[in-house]
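Reader: I am new to this structure, and I would like to learn how its features are read. Could we go through a few of them slowly?

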Amino acid sequence: MPKTVADVMSRDPIVVHAETPLKEAIQILAERHISGLPVVDDVGKLVGIISETDLMWQETGVTPPAYIMFLDSVIYLKNPATYERDLHKALGQTVGEVMSKNPIAISPDKTLKEAATIMHDRSVHRLPVLEGTGQVIGILTRGDIIRAMAASQD
């Protein structure tokens with residue numbers, strides 16, 4: 001019988017709220033040696049995820065989009081809305097300002113194969129695990145899947 005997400009996930013993951021100061025989230029990531037945290041609302045429903053990738057903007061900053069002037073008009077060579085989003089992340093002070101919204105999640109009854117396929121196809125490193133009401137009950141990482149694969153070879 002194939003293993004399910006519930007068999008392998010980490011239960012009761014550490015979560016943060018959108019109002020959590022960014023410094024606090026960075027401290028949690030560093031002290032716990034983890035690379036991402038689910039972001040939940042007041043009733044525990046998933047609203048986003050904050051990862052090391054989201055935090056890189058804090059250190060690297062952003063470069064304004066390239067443009068050319070033509071007949072007194074500015075023509076951007078890249079979408080200026082992307083620059084505005086990245087600038088907001090670079091200047092953010094709370095988790096909500098920096099987090100990725102609409103994260104990909106999974107239910108506990110899915111197989112590990114389904115989870116691995118989602119992670120691979122969507123290029124994500126972790127999946128929050130949600131029960132039917134949308135509450136975060138666990139988190140599944142690529143490392144969890146690799147450890148399950150190793151255990152099944154014994």
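Reader: Which exposed residues does the face of α2 turned away from its buried side carry?

Author: A residue is called buried under 20% relative accessible area, exposed over 50% and partly exposed in between, with a 1.4 Å probe and protein chains only. On that face of α2, the exposed residues are Lys23 and Glu31. This is a predicted model, in which local features need pLDDT of at least 70, side-chain atom pairs count only at pLDDT 80 or more, and totals for chains, interfaces and linings use all residues. Residues are numbered from 1 along each chain as its sequence is written, and side-chain values use heavy atoms, with hydrogens and water left out.

Reader: Which residues of α2 are buried?

Author: Helices are DSSP runs of H or I with at least four residues, strands are runs of E with at least two, and both are numbered from the N terminus. In α2, which spans residues 22-32, the buried residues are Leu22, Ala25, Ile28 and Leu29. They lie on the same side of α2 because they cover an arc of only 125° around the axis, taken from the directions from the helix axis to the C-beta atoms. After α2 comes His33, with a positive phi near 55°.

Reader: Where is Phe70 placed, and is Phe70 buried or exposed?

Author: Phe70 belongs to strand β5, residues 67-70, and is exposed, with a relative accessible area of 52%.

Reader: How many helices and strands does the protein chain have, and what share of its residues counts as buried?

Author: The protein chain has seven helices and nine strands, and 34% of its 154 residues count as buried.
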